[in-house]
Amino acid sequence: MDKLNSRVQKLELLLRQMDKIHLREAAEMLKVSEMTIRRDLSVGSGPVQLLGGYIVRNPQGRGRLDYHIFEHQGKNIAEKMRVGKDAAALVQEGDIVFFDCGSTIPFVASQIDPSIKFTALCCSINVFLALKDKPNCDLILSGGRYSRHNAFLNPIQRTSELDALCTTKAFISAAGIHIKYGVTCFNFEEAKAKQLALAKTQQSILVIDHSKFGVVEQAYIANLADFDFVVCDKDIPKSFYVR
């Protein structure tokens with residue numbers, strides 16, 4: 001694959017997780033100039049296009065995906081890419097990994113080395129789409145009622161695949177982290193799934209960007225001390241350390 005096609009493919013992958021990418025951010029992530037990307041996207045009618053300073057999917061091109069895009073997926077993209085890369089490096093051969101929902105987790109899933117053989121359990125459509133083309137991933141999608149606002153699958157029975165599988169690692173996302181009120185998210189059903197995943201994994205990994213520090217949302221997940229690792233784009237503030 002030549003460099004041009006490789007760059008376009010990476011942009012297409014990113015656009016499976018958000019509705020647009022600013023040209024400047026795309027240049028930073030691909031480590032090329034904005035002019036290089038402009039030239040890439042001026043060649044033919046590919047799966048992505050430049051529109052008003054933003055890179056978007058081409059509705060006439062290949063690879064169009066029909067699923068809901070969340071408001072938060074277009075925020076802090078560069079930070080989520082860095083966090084995703086660091087978290088993806090933790091996945092090892094033979095791992096059984098739970099992937100949470102949320103706007104950051106697809107950046108983890110998409111950057112896992114495709115040569116690694118592992119089992120993945122996910123409960124959201126956006127993460128499933130990031131994992132489905134990895135040739136060595138044994139992929140399990142937990143079923144249930146589809147929630148459009150977060151692409152989450154809520155189980156409709158008392159038990160689900162989350163109950164049946166003990167994982168070696170669990171990547172958990174959050175909408176807020178507070179010294180007093182702990183780790184929180186927007187949705188109570190999501191919080192239940194996260195808690196179950198935490199209870200059934202050997203290593204729990206909180207995946208966040210720095211904008212979540214000091215934020216409190218309505219659904220409690222766990223205390224920060226309940227996680228084995230935290231992957232973030234910046235150091236955790238010293239005030240969060242347990243004395």
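**The cavity and the salt bridges**

A: Happy to. The largest cavity holds about 30 Å³ of space. A cavity here is a set of points, on a 1 Å grid over the protein atoms alone, where a 1.4 Å probe fits but cannot get out. Grid points are joined across faces, edges and corners, and the volume is the space filled by probe spheres set on the points. Searching the whole structure turns up one cavity of 30 Å³ or more.

Before going on, a word on the ground rules: this is a predicted model, in which local features need pLDDT of at least 70 and side-chain atom pairs count only at pLDDT 80 or more, while totals for chains, interfaces and linings use all residues. Residues are numbered from 1 along each chain as its sequence is written, and side-chain values use heavy atoms, with hydrogens and water left out.

What lines the cavity? The lining consists of F98, L121, L162, L165, T167, A197 and K200, where a lining residue has an atom within 4 Å of a point. By type, these are five nonpolar, one polar and one charged. Nonpolar covers Ala, Val, Leu, Ile, Met, Phe, Trp, Tyr, Cys and Pro; Asp, Glu, Lys and Arg are charged, and the others, Gly among them, are polar.

Now for the charged pairs. A salt bridge needs a side-chain nitrogen of Lys or Arg within 4 Å of a carboxyl oxygen of Asp or Glu, and the count by this rule is seven. One of them joins D95 and K169, at 2.7 Å from N to O. D95 sits in the loop between α4 (77-88) and β4 (96-99) and K169 in strand β9 (residues 167-173), so this pair ties together parts 74 residues apart in sequence. Helices (H or I, at least four residues) and strands (E, at least two) are DSSP runs, numbered from the N terminus. D95 and K169 are both buried, meaning under 20% relative accessible area with a 1.4 Å probe, protein chains only.

K194 pairs with D100 at 2.4 Å, N to O. Since K194 belongs to helix α8 (residues 188-199) and D100 to the loop between β4 and α5 (105-110), the pair ties together parts 94 residues apart in sequence. K194 and D100 are buried. K194 also meets E190 in a salt bridge, at 3.7 Å from N to O. E190 and K194 are four residues apart in α8, about one helical turn. Through shared partners, D100, E190 and K194 form one network of salt bridges.

Key:
1 Å grid on protein atoms, 1.4 Å probe; cavity = no way out; pocket = protein on both sides within 12 Å on 5 of 7 lines; lining within 4 Å. Buried < 20%, exposed > 50% of the residue type's maximum accessible area, 1.4 Å probe, protein only.
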